[in-house]
Amino acid sequence: MPSDPSSAVPPLRERPAWTALGKHYEAIRGAHLRELFAQDPTRGERMTAEGAGLYLDYSKNRVTGETLGLLVALAEQSGLAERTAAMFAGDPINVSEDRSVLHVALRMPLKASLIVDGVDVVAQVHEVLARMGSFAERVRSGEWLGHTGRPIKNVINIGIGGSDLGPVMAYEALRHYSRRDMAFRFVSNVDGTDFVEATRDLDPTETLFVVCSKTFTTLETMTNARSARAWALAGLGGDETAIARHFAAVSTNASGVAEFGIDTDSMFGFWDWVGGRYSMDSAIGLSTMLAIGPERFAEMLAGMHALDEHFRTTPFAANLPVLMGLLAVWYGDFFDAQTCGVMPYEQYLHRFPAYLQQLTMESNGKHVTLDGTAVECQTGAIYWGEPGTNGPHSFNQLIHQGTKLIPCDLIGFGQTLNPLGEHHDILSSNVFAQAQALAFGRTADEVRAQGTPEAVVAHKVMEGNRPTNTILADRLTPHSLGTLVALYEHSVFTQGAVWGIDSFDQWGVELGKELARRIVPELTSRDEPELEHDSSTNGLIRRYRSLRMQPTTKGADHGD
């Protein structure tokens, strides 16, 4: 196992700041945000931070100046600075796979240089970006023609996990900047419905598939890719040479790509030091670049790099992702908060919470530390969310009056991309109103003052003291999207450093995949298979096989 800067860090419960935080928590656990603001009227002005175009108001958190000082001390005692430096230097901080973690290199400017194992990885990145840009411009300009001589009007990204969640989130977030005369769709689920619905109204002669699989062996992705190949050939006269004009690949398996029929000139690679959930700014972002163009894609990378530099150089007490990461540790490990809500008040960001689910939970859903010993605390909150203002009409009831503590991030923008009357002012008023209501609630006396019957008073009381972060940016642009993505990436990193876990492996997703590969032939074999699973799994397989062999119910197929 390679050395790691965290190896010199004492176990979590032996760090002085952790012990002090435990005592401090007991002293302030009952403090209410109403009291904290009354004691310090300037709190809302002081407990803010800015960086890379983002403004963070963290004053509505259940913390004091002492809390923040202890949390910063915890970060220092956890070796966050050393671990950050190791990541940016290309050291193999992904210890279980002995790999560097260099998503930050994907957005370093062309003039930068980072030598890892004798290779300038920044130069490699920009070589791929240049090839992607050239390809994207040919497709977008109409120079690239399909097999029958028609330009590409439809792009379908085929991937799963980070090869889907990043591209689809980025496309939806930046749809305002995309080519509206082109259709962009995304297929990830191995459920055939996903592919059928994505292609139902498309013309194969005008469709380009981008197959994203580093190994070109991912079961779900390649199952969908083979279906795409068959669909394309059926609409292109069965000519195998047509595949090269209607498929591109994001992969490192040149032989597999060529065997599929894709021209390796249309293959774009990335590296082992790019984790799937950190890959949307690599070649995995090819569909994003096809949608918004190379210049806008470069703006997104610049936003990520700006936040990277803020994270790398800013003192912890004013560092946006560090503050957010430490607050997540505070609530998860001391208040026992199990989840975190993310509410972007921008419809274009409706897939952002889903993207964060993988980023946060695949990264920090770990039960052992870097040296393989059991963790001593809770790790990895459950992240979820919806765009505002949908929340107040669905789950906000539980956040306001339920029994569970759910810290929330509210993301707003000063300007809208689609001015329409008072819409944006009404939308933005909800950002500030929800944060205010969650923090301060409504007391029984305030409810009575409204003339509420006494029997109803208890039902209308809002306890408040629900913590929120409010994040504001000027407007949603490729640059600001980049800063938001990097903000959460480094918040996740901060949490992992405190917990002493490896935020960059994902062994937990492998077991299910291995078992699925074993079960597939048992589901499809003509002869009754000899099953050696547990009794439940054996029974389910037998039941599925009997259902699978039944004739289709009359009228069930409504296809054209």
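1. In this predicted model, I156 has R185 of strand 6 as its bridge partner. Strand 5 (residues 154-158) and strand 6 run parallel and are joined by five bridges. Two strands pair if DSSP finds at least two bridges between them. Strands here are DSSP runs of E, at least two residues; helices are runs of H or I, at least four residues; both are numbered from the N terminus.

2. In general, strands of a sheet pair through backbone hydrogen bonds, either parallel or antiparallel.

3. Next, a helix pair. The axes of helix 4 (residues 65-77) and helix 14 (residues 320-333) come within 10 Å and cross at roughly 105°. That makes helix 4 roughly perpendicular to helix 14 (65 to 115 degrees). Helix 4 brings T67, L71, V72, L74 and A75 to the contact; helix 14 brings L326, L327, V329 and W330. Contact means heavy atoms within 4.5 Å. These residues divide into eight nonpolar, one polar and no charged. Nonpolar covers Ala, Val, Leu, Ile, Met, Phe, Trp, Tyr, Cys and Pro; charged covers Asp, Glu, Lys and Arg; the others, Gly among them, are polar.

4. Helix 5 (residues 80-89) has L80, R83, T84, A86, M87 and F88 as its buried residues. Buried means under 20% relative accessible area (1.4 Å probe, protein chains only). Their cover includes helix 4, helix 13 (294-313), helix 14 and helix 20 (478-499). After helix 5 comes G90, with a positive phi near 90°.

5. S100 sits in the loop between helix 5 and strand 3 (115-116). Is S100 buried or exposed? S100 is buried, at 13% relative accessible area. Its side chain reaches the backbone oxygen of G90 at 2.4 Å. Leaving out residues up to four places away in sequence, S100 touches G90, D91, P92, V116 and W273.

6. On method: residues are numbered from 1 along each chain as its sequence is written, and side-chain values use heavy atoms, without hydrogens and water. Local features need pLDDT of at least 70, side-chain atom pairs count only at pLDDT 80 or more, and totals for chains, interfaces and linings use all residues.

Conventions: Axes are lines fitted to C-alpha atoms, for helices over the stretch in contact, and angles run from 0 to 180 degrees between N-to-C directions. Angles under 35 degrees count as roughly parallel, over 145 as roughly antiparallel, 65 to 115 as roughly perpendicular and the rest as oblique. Buried means under 20% relative accessible area, exposed over 50%, partly exposed in between (1.4 Å probe, protein chains only). A polar contact is a pair of N or O atoms within 3.5 Å; within protein, one must be able to donate a hydrogen and the other to accept it, and residues adjacent in sequence count only if both atoms are side-chain atoms.
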